[in-house]
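Colleague: I'm new to this one. Can you walk me through the aromatic rings?
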Amino acid sequence: MWRLPRALCVQAARTSKLPGPWSRPAAFMSTLLINQPQYAWLKELGLREENEGVYNGSWGGRGEVITTYCPANNEPIARVRQASVADYEDTVKKAREAWKIWADIPAPKRGEIVRQIGDALREKIQVLGSLVSLEMGKILVEGVGEVQEYVDICDYAVGLSRMIGGPILPSERPGHALIEQWNPVGLVGIITAFNFPVAVYGWNNAIALICGNVCLWKGAPTTSLISVAVTKIIAKVLEDNKLPGAICSLTCGGADIGTAMAKDERVNLLSFTGSTQVGKQVALMVQERFGRSLLELGGNNAIIANVLYGPLHTKQAVSMFLGAVEEAKKEGGTVVYGGKVMDRPGNYVEPTIVTGLGHDASIAHTETFAPILYVFKFKNEEEVFAWNNEVKQGLSSSIFTKDLGRIFRWLGPKGSDCGIVNVNIPTSGAEIGGAFGGEKHTGGGRESGSDAWKQYMRRSTCTINYSKDLPLAQGIKFQ
């Protein structure tokens, strides 16, 4: 699975301020893919020509209308009316009110709701996966796989809902109990990127829900239809259980909504997936208010890119690909394969292999978000381990070897400094049972499995005195 770029707001969607579909010429509306017979399946997801991009128990939206495009042919699919800042304010208020109800529901009962969300996604897995392929550009099997990842994390979260909690610790004082109490943080803001428009939201949403939080989602503008379709599936589950829809709110939008979330003290945790450049800005805005952030930023994985892949997401991404190829040549690299845009509709480029660069070439240290593989020759293990670690990103890495000693050195303190360290498998793909995330400029956040649930909760250390005395810790006595 080839990982594409992450960004807070990709400006590939054209905007309009027309008040509604009725003011657009019929001929223009007929050019939308959603109106063509071969794409009639989009309506199975509740999508139409123009879709409301705000959900907080009811659907709406008073912001700009954007058109999303299919990367395979650059044809318009449908339109989404984004959130205005006023919509955002209304949604945050409703989400926080919904939290008062959700937090009182026992964790295993919350898990039951998440189980139903997983089942609802299962029922739509093929059609939703097809939408991921159509709007994001992944090959179909990966689009379906992304939805499956959300289903899997729902299953995981159901079991976790009966297991989260802290230990009972031995107290040094007689007649005392020392315990850890974990409680939900409250409102979790989730900003996702176009490269994983379903799975990353699922990782955050399923775990945050069973921990007792409510969620506010802002997906990438260029994959707004996916955000709307997923939210419609979740909304029905909540409505069928007579729960406030604002438990899983949606505000489609651009940088204005993302900035509002980062600066908003009412957002108790902000999970951001995007570029390192934008992630730095988000981290500073959240830190300025002493808020919590969970950052999953740029990668730059030190191994292979599969040759089975779809188009790049936007025309801008194609330009970035061409720019990277030219920069590699300027820095002394030789393109031994690929390096060109394919002569066909859509944003297709050739898989590209570049040799002859120095390990410290700036282009090799840059995450280009394109199928470019830089090949380096190394002399020994120590040297190549150092090359792996010298880049600023630290998401994923892998080594292929049958040498047991090398395997454990690679996993050890002088081995890879990435958050994901693999042996004899590619760097792409991750099972939901382990924590997903990276080190250094990748942000340090962890999502999905292991103990990532702790990031969605606040911890209290509680001492309970059930004796008749009032002893102090460390044996201190005031004489």
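Modeller: Start with the term: rings of Phe, Tyr and Trp (its six-membered ring) pair if their centres lie within 6.5 Å; planes under 30 degrees apart are stacked, over 60 edge-to-face, the rest tilted. This is a predicted model, where local features need pLDDT of at least 70, side-chain atom pairs count only at pLDDT 80 or more, and totals for chains, interfaces and linings use all residues. Residues are numbered from 1 along each chain as its sequence is written, and side-chain values use heavy atoms, with hydrogens and water left out.

Colleague: How many aromatic pairs does a search of the whole structure find?
Modeller: It finds 8. In one, Tyr 150 and Tyr 201 have ring centres 6.1 Å apart and planes at 90°, so they sit edge-to-face.

Colleague: Which helices hold Tyr 150 and Tyr 201?
Modeller: Tyr 150 is in helix α5 (residues 140–160) and Tyr 201 in helix α6 (residues 199–210), so the pair ties together parts 51 residues apart in sequence. Helices here are DSSP runs (H or I, at least four residues), numbered from the N terminus.

Colleague: Are Tyr 150 and Tyr 201 buried or exposed?
Modeller: Both Tyr 150 and Tyr 201 are buried, meaning under 20% relative accessible area with a 1.4 Å probe, protein chains only; exposed is over 50%, partly exposed in between.

Colleague: Which cluster do ring pairs make?
Modeller: They link Tyr 150, Tyr 201 and Trp 217.

Colleague: New topic. Where does the charged end of Lys 138 sit?
Modeller: Over the ring of Phe 196, 3.5 Å from its centre. That term needs NZ of Lys or CZ of Arg within 6 Å of the ring centre and within 35 degrees of the ring normal. Arg 344 lies over the face of Tyr 348, 3.7 Å from the ring centre.

Definitions and conventions:
Helix = DSSP H or I, 4+ residues; strand = E, 2+ residues; numbered from the N terminus.
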